[in-house]
Amino acid sequence: MSDPSLLALTLAEARDGLVRKSFSARELATAYNEAVNEIEPLNAYVTPTPERALAMADAADHRLAKGEALPLDGIPIAVKDLYCTKGVLTTAASHILNGFHPPYESTVTDKLWQSGAVMLGKTNLDEFAMGSSTTTSYYGPVENPWRRLPEHQMGDNRPLVPGGSSGGSAAAVAARAALAATGTDTGGSIRQPASFCGIVGLKPTYGRCSRWGVVAYASSLDHPGPMTHTVRDAAIMLRAMAGHDPKDSTSAPVPVPDFEAALTGDIRGLRVGIPKEYRVDGMPAEIELLWQQGVEWLRDSGAEPVDISLPLTKYALPTYYIIAPAEASSNLARYDGVRFGLRVEGNSLEEMYELTRAAGFGAEVRRRVLIGTYVLSAGYYDAYYLKAQRVRTLIRRDFVNAFDQVDCILTPTAPSAAFAIGDKSEDPIAMYLNDVFTVPANLAGMPAISLPAGLSGDGLPLGLQITGRAFDEETLLRVAEVLESAAQFRHLPSFVAGGKS
Amino acid sequence: MPLDKATVAQIATLARIRLSEAELEPLASELAHILSWVEQLNEVDTSGVAPMASVAHTGLPMREDEVTEGGQREEILANAPRTARGFFVVPKVVE
């Protein structure tokens, strides 16, 4: 058993400890490899890569010894199994990618390895990132390391979902089996699991991180981003992941600032918008109270709360559930049993396609591909797809107008804490409502971050979300760090690798 | 809006997903439920509003028309379920 205190570090602390030679990258990788094994019951990892982690750690130790440390040298991280990793099984948690070993590396993971990071393995997710609970994976559901407090279980101690779709990444970081992880966020898939698992999740501005080599779900909405223990760690990870990539035509040709340097702690005079439309029916009072507490924390730090209106908020989810399935039905057309993945033989090419796709796609993926096909089909294209694209224009306009008045926007991340595995799976729309507060930023392309701010009455983490101007992650992170300092969230899940000490 | 079994079968054919007869009815009601929920968008006045396909408004970048990589037939075929003599193999499509 290696030193469990290594598992209690933040990424920034581990980075500094490696440079000071308090421990080696190999010791760190060994401790985290053991942690990955220890949290196996959570099903957070689809494919651990312990040998690769040790080899990468040895290379990092070699550079550290020469005093040539890279920004993330020796930092063990997890990779959502939606990022293609050269020669390492990449599943998107779908049966249809059965046995797929990409011959290339995604731009974002390549940047992370070029920065010295160490790969612990690939994490579980909702199939093709379609979901808010990480229960639709072909490889089985992920369990949240948090449980309700015993005195509040009232006979219900069922395991909870970690949120989704980046639920494996969120559970791995929360249970201390990775210092950080990559996620992707199409409608909340970084921020909502971060909220459910008590960690930080950042969806950057659209175009900030390249989508090249990330299995596509809905291309105009997909955002790669980091999931970490702290806001500072998110700033460090984002710097390594971001940057213009000629291989992604939507990647923004803008410089990458030193996000960590933006964490000055000074938000005096900053105007923080509080949108009235986020007070939705059925939201627990404790989330409303936490939100108010967040407003007070920012006011106490010298920021100025401003009441604002985002009138189209309630239409963001239905807009999303036209645009995302439409793009998915097009993107997923590539899974045909010819070039990679699963194939079910048939008597004709058509039959081979149909049988392969019937066997390879799970129920939620099938549902979305069918909805997408329908809204794009002749006779319905204008009524559904073009209509949704027009509403999207108005939703983005809401944000642009709001940012004339304020520098960022504070809201809750999700309308509930984590729920039990199996709940909400009967009614797709009940599941979709998880993303009511996160989807607008995807449609508008604005950066947004979730950070843990408090506990629910039954002892589960609750997140607050800050949304910022496009390409102003620096302000977003500065405000988030101030909120993090005020909230002093120090709670641990019921189950962490190395034990709670 | 109501969605009948024939429409679901038609969509499934367009999407190249084989459905059994028993799957059509439950899917019809699931899809109809979702479609009637998204139809609340009709409450929004979008007259004169341009549709938005992407928030990236840089336009499509051009690159030089030159070979940047290639000659990777083995790597590209490595994941294929069936190959022969450097090609992907599919069921016969020519009568």
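Let me start with one residue, A92(A), which sits in the loop between β2 (76-80) and α4 (107-114) of chain A. A92(A) is not a glycine, yet its phi is positive, about 55°. Buried or exposed, then, is A92(A)? It counts as buried, because it has 31 C-beta neighbours inside 10 Å. Buried here asks for 20 or more other C-beta atoms within 10 Å of the residue's own; exposed is 12 or fewer, partly exposed is in between, and C-beta atoms are placed from the backbone.

A word on what you are looking at. This is a predicted model, where local features need pLDDT of at least 70, side-chain atom pairs count only at pLDDT 80 or more, and totals for chains, interfaces and linings use all residues. Residues are numbered from 1 along each chain as its sequence is written, while chains are lettered from A and ligands numbered from 1 in the order in which they are written.

Now the whole chain. Chain A has 15 helices and 11 strands. These are DSSP runs, numbered from the N terminus: H or I of at least four residues for helices, E of at least two for strands. The C-alpha atoms fill a box of roughly 65 × 55 × 50 Å along the principal axes. Of the 501 residues, 62% are buried.

K21(A) lies in the loop between α1 (11-19) and α2 (25-38) of chain A. Its phi is positive too, near 65°, and K21(A) is not glycine either. But K21(A) counts as exposed, because it has 10 C-beta neighbours inside 10 Å.

Next, a cis peptide bond. It joins G164(A) and S165(A), with omega about 10°. S165(A) is in the loop between β3 (118-123) and α5 (167-174) of chain A.

On to helix α8, residues 285-300 of chain A. Its 16 residues reach 22 Å from first C-alpha to last, close to the 22 Å expected at 1.5 Å a residue. That expected span is 1.5 Å times one less than the number of residues. Which residues of α8(A) are buried? They are I287(A), L290(A), W291(A), G294(A) and L298(A). They cover an arc of only 100° around the axis, so they are on the same side of α8(A). The arc is that of the directions from the helix axis to the C-beta atoms. On the other side, the exposed residues are A285(A), L289(A), Q292(A), E296(A), R299(A) and D300(A).

What does the buried side pack against? The partners of those buried residues include β7 (271-275), β10 (448-455) and α15 (473-487) of chain A. Contact means C-beta atoms, placed from the backbone, within 7 Å. After α8(A) comes G302(A), with a positive phi near 100°.

Last, the core. In soluble globular proteins, nonpolar side chains tend to be buried together. The largest nonpolar core here has 172 residues. Such a core is a set of buried Ala, Val, Leu, Ile, Met, Phe, Trp, Tyr and Cys residues joined through C-beta atoms within 7 Å. Among those with the most contacts inside it are I77(A), V118(A) and A178(A). Helix α9 (residues 316-331) of chain A gives the largest share of this core, nine residues. Take I77(A): leaving aside neighbours within four places in sequence, its contacts include L112(A), V118(A), L120(A) and A178(A).

Technical notes:
Two residues are in contact if their C-beta atoms, placed from the backbone, lie within 7 Å.
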